Amino acid sequence: MSEEKPAYPAKALNEIRDGLRDTLMLIRRRGPSQIQFWFIALVIGIASGGAALFFRLGIEKLQAFLYGTHDLRHLHTVARDLPWFWVLALPVIGGLVVGIILNWFTPDGRVRSVADVIEGAALNDGRVEKRAGLASAAASLITLSTGGSSGREGPVVHLAGVIATWVSNRLHADGITGRDLLGCAVAAAVSASFNAPIAGALFALEVVLRHFAVHAFAPIAIASVAGTVINRIEFGGVTEFTLADDGALSFYVELPAFLMLGLLSGLVAVLLMRTIFMADDFGSWVQEKLHLPPVLRPAAAGLLLGCIAIFFPHIIGVGYETTSAALTGQLILWQAVVYAVLKVIAVAITMAGRMGGGVFSPALMVGALTGLSFGLIATGIFPDVSGTVTLYALAGMGAVAAAVLGAPISTTLIVFELTGDWQTGLAVMVAVSLSTALASRLVDRSFFLTQLERRGVHLAAGPQAYLLATVRVHQCYRKPDAPRAATEEACKELIGQGIYISPNATLERAMPLFEKNNLIFVPVVTLHEDTGPELHGALFQVDALRVFSRKLAETAAEEHS
C-alpha cells in the first residue's frame, strides 16, 4: 500500500502565490502614495539636518568671535586665559539679548524644547509653535555662544519641529501624518547634530512619538540618514569623542561594579533633574519677591554663571572638552567630582534663568564625570580584577543621559555612535538599564515628561491619561433639539447649583464633574456679563465615554500599524 504524499508543499506554494498577489495589489494601490511620502520625508530630513548644521555652525562662529577660538573642544582652555571681566560680562550680555528675544516673541518668556515637541506630537497632531520656536532657537544659540551651560539638542529638535509643522500645515496633514512628519524632522535633527543615524531614528520613535509603529519607521529612517549625510558633508565620518584604546572589560567578574554604577547614575540623574526644577521654582520666587522684570531674568542667571566661569570655565557651553577628558581618563578624582557638581549647578542656573538650551549634552558630561569618579575608586580598591577607568566613564555617560531622557535604547546607541566603540556594549547596557529603571520611579519617567507634568500635561501615564485633553466639549455635546437631549428645566437647575461647563473646555475637565456630582449630563454654557449664561445644550457622560473609547482605539491602531 503506497503512502500518500503530504499536501504541505502544495499548500505552502499556494500561500506564497496568494501572498505575492496581495503584495502586488498593495504596491499598485498604495505604492505611489508611499513613495511620495518617503520623498517628503527625505526633503524634511535634508531641511532639518541643514537647520541643525546651521545651528551648530552658528554657535561655533559666534563663539569664535567672542572667545577667540574656532574649536569647541578647547573652549574652556581658551576661556581660562581671557580677562576675568570678559568671562563675567559675556553671559550677562547674552542673557540680556535672550531676555529681549523671548519677551518679544513668546507669550510667556519660556524657551521651547523637546518637551514641547512631545506635547505637540501627543496633543496637537504633530504641530508645535512656530513663532515661539524660532525665537527659542535664536535665544538658545546666543546662550550657548555666550557662556550658557546647556546643550544644543533641545532647540535643534524644536527647530526641526517647526519645519515639520510648516510642511504639515501646507499639506493639511491629519494627526497620524503630522506625527510621522514630526518624527522625520526630529530624527534628522538629532542625526545631524550628533552624527548618529541609528540613534536619531530611535530617538524620534522612543522619545517623541513614544511608539515603534512599523508605518513610521521607513520614513523616519530615510530622514535620519539624510540628516547624517548633511553632517558628514561638513564634518566627515568622525565621531564626537575619541576613547582610549585600552577600554576593555575584565570578563564578567566586573559586571557587578557596572550594576552599582547604574544605580549611582540613576540617583545622579534624579539629582540633576530635581536640582533644575527646584532652581526654576526658586528663580520664580526670587523674581516675584524682587519684582524683577522677566526680561532681566536671563541676565541675572548670566551673572551667576559668569561668576562661576571665572574660576571654573569648564561649565561654559556643552562641555565637550571636559567630557573628552573624562572619557580618556585625563582627570583625577577630585576634579571629576568637583566638575560634576559645578556642572549640575550651572545647568540648573541656566535653565532656571530661562536662557535656553537642552539637557542631553550636560547629562553626557555629568555622566562621564560620575562614571570616571566611580571607576577611579573601583579600580583603586580592586586593581587586579578591574578594567580601565575610561570604560566606567563611558558607561556612566550613557547611564545618566538615558535616565534623564527616559530613553535607554536610543541613548545607548547614541553613546556608541558618539564614541565609535561597539566592544563595550555589555557594560553600558547593564548600567543604562538599572539607571533608567531607578530614575523612572523617582520622577515622571523622564526630564521632559516631568516638565510637562509640572505644567499640568499628563503624558507620563499614557494615552488613557491625556487623550481626554484632546477633545473639546463642543465636539460631542447634544444640542437642545437633538434626540434624547436634556430638558431646559433640568439644565437650568444644574446651572443654578453652579454645575456647568464651557463648550471650549476639554473632556479632561468635564469627566470629574460626572463623578463628583453623580450626573449623567452636564449643561454646556457660555457666560456673558451682560445677558447671563447662554445654554448651548448638555454633555452626556455616555457621549464623552464613547468619544474617549474611539480615541483610545485610534491611538492603539496607530501604534500597532
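User: What makes residues in the lining of the largest cavity nonpolar, polar or charged, and how do they divide?

Analyst: The lining divides into eight nonpolar, six polar and two charged residues. The classes go by residue type: Ala, Val, Leu, Ile, Met, Phe, Trp, Tyr, Cys and Pro count as nonpolar, Asp, Glu, Lys and Arg as charged, and the others, Gly among them, as polar. Bear in mind that this is a predicted model, where local features need pLDDT of at least 70, side-chain atom pairs count only at pLDDT 80 or more, and totals for chains, interfaces and linings use all residues. Residues are numbered from 1 along each chain as its sequence is written, and side-chain values use heavy atoms, with hydrogens and water left out.

User: Why is a space called a cavity and not a pocket?

Analyst: It comes down to whether the probe can get out. On a 1 Å grid over the protein atoms alone, a cavity is a set of points where a 1.4 Å probe fits but cannot get out, whereas a pocket is an open set with protein on both sides within 12 Å along at least five of seven lines. Lining residues have an atom within 4 Å of a point. Four cavities here reach 30 Å³ or more, and the largest holds about 150 Å³ of space. Volume means the space filled by probe spheres set on the grid points, which are joined across faces, edges and corners.

User: Which residues lie nearest the centre of the largest cavity?

Analyst: Those are L75, I316, G317, V318 and G319, out of 16 lining residues. Two or more residues each come from α1 (8-67), α2 (75-80) and α12 (320-327), and α12 gives the largest share, three residues. The helix labels are DSSP runs (H or I, at least four residues; strands are E, at least two), numbered from the N terminus.

User: What lines the second largest cavity?

Analyst: E153, V157, V190, F194, F203, F360, L405 and I414 do, around a volume of about 40 Å³. By class that makes seven nonpolar, no polar and one charged.

User: How much space lies in the largest pocket, and which element gives the largest share of its lining?

Analyst: About 540 Å³ of space lies there, and α22 gives the largest share of the lining, five residues. There are 24 lining residues, with A122, R179, L467, T555 and E558 nearest the centre. The lining splits into ten nonpolar, six polar and eight charged residues.

User: And what about the second largest pocket?

Analyst: That pocket has about 420 Å³ of space. Of its 23 lining residues, R110, D280, M351, Q451 and R455 are closest to the centre. Helix α18 (447-454) gives the most to the lining, with four residues.

User: What makes L333, V337, V341, I345, I377, I381 and F382 a patch?

Analyst: Nonpolar side chains (Val, Leu, Ile, Met, Phe, Trp, Tyr) are joined within 5 Å, and like charges within 9 Å. These residues form a nonpolar surface patch with about 610 Å² of accessible area together. Areas come from the Shrake-Rupley method with a 1.4 Å probe, and for residues only the protein chains shown count as cover. α13 supplies the largest share, four residues.

User: Why is I377 called partly exposed?

Analyst: Its relative accessible area is 45%. Buried means under 20%, exposed over 50%, and partly exposed in between (1.4 Å probe, protein chains only), so I377 counts as partly exposed. I377 lies in helix α14.

Terms used
Patch = residues over 30% accessible without salt bridge, like charges linked within 9 Å, V, L, I, M, F, W, Y side chains within 5 Å. Salt bridge = Lys/Arg side-chain N within 4 Å of Asp/Glu carboxyl O.
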